[in-house]
Amino acid sequence: STSARRSIVLSARPVQLRPAPLNLHQLLERVALLSSEGAEAQGVTIGRRYDPSLPPILGDEDRLVQVFHNLVRNALEAMKHGGRLTLTTRISLNPLFAKMDVGAGQRSMVEVQVTDEGAGIPEAVRGKVFDPFFTTKERGLGLGLALCHKIVEEHKGALRIDSAEGRGTTVTCFLPIAR
């Protein structure tokens with residue numbers, strides 16, 4: 001019901017983060033392990049393209065596991081007929097996001113990409129994917145990407161989605177380096 005949905009939004013206070021230096025690869029491996037059984041059952045292989053020189057990031061481990069678990073789950077749901085899901089990390093060279101002011105001055109960012117070979121996001125709905133309660137699924141509240149977006153923003157990061165219908169989707173998450 002609408003009133004139940006409204007109360008969820010109204011009670012969504014800022015998340016209290018407990019930031020600490022994190023090894024992003026360990027975190028992603030945790031998420032990959034959580035998702036591996038479901039991926040295998042669907043005929044999806046999880047590939048990794050990790051930058052071995054990646055420095056630690058500053059983040060709340062539980063919240064970021066929540067973000068990446070959600071992104072991986074979305075990618076798996078987009079690949080009903082199997083395929084390859086790729087997790088990529090690198091130091092950001094993106095001119096828009098490579099250095100961001102995180103309140104304590106400029107900080108270099110890292111990128112985490114979750115890439116699927118699914119159906120892609122139809123252009124008509126691409127602009128709405130971060131809206132609370134927007135969903136294309138039969139079941140679900142539509143809080144997934146909205147919540148991911150909120151958590152990443154509270155980390156002083158950014159989320160970007162690139163999608164091509166019939167060719168798949170890449171969600172890029174920009175997060176500050178712990179320095």
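**View 1. The hairpin of strands S7 and S8.** Strands S7 and S8 form a hairpin with three residues between them, and Gly166 in the turn has a positive phi of about 80 degrees; helices (H or I, at least four residues) and strands (E, at least two) are DSSP runs, numbered from the N terminus. The two strands run antiparallel and are joined by seven bridges, where strands pair if DSSP finds at least two bridges between them. Asp162 has Thr170 in S8 as its bridge partner. The model is predicted, so local features need pLDDT of at least 70 and side-chain atom pairs count only at pLDDT 80 or more, whereas totals for chains, interfaces and linings use all residues. Residues are numbered from 1 along each chain as its sequence is written, and side-chain values use heavy atoms, with hydrogens and water left out.

**View 2. The buried residues of helix H5.** Within H5 (residues 144-154), Leu145, Ala146, Cys148, Ile151 and Val152 are buried, that is, under 20% relative accessible area, with exposed being over 50% and partly exposed in between (1.4 Å probe, protein chains only). These buried residues pack against helix H3 (61-78), strand S7 (158-164) and strand S8 (168-176). After H5 comes Lys156, with a positive phi near 65 degrees.

**View 3. The crossing of helices H3 and H5.** The axes of H3 and H5 come within 10 Å and cross at roughly 145 degrees; axes are lines fitted to C-alpha atoms, for helices over the stretch in contact, and angles run from 0 to 180 degrees between N-to-C directions. From H3, the contact (heavy atoms within 4.5 Å) involves Arg63, Gln66, Val67, Asn70, Leu71 and Asn74, and from H5 it involves Gly144, Leu145, Leu147, Cys148, Ile151 and Val152. Asn70, found in H3, is buried with a relative accessible area of 10%, and, not counting residues up to four places away in sequence, Asn70 touches Gly144 and Cys148.

**View 4. Cys148 and Cys173.** The structure holds zero disulfides, a disulfide being a pair of cysteine sulfur atoms within 2.5 Å. The sulfur of Cys148 lies 8.4 Å from the closest cysteine sulfur, that of Cys173, which is too far for a bond.
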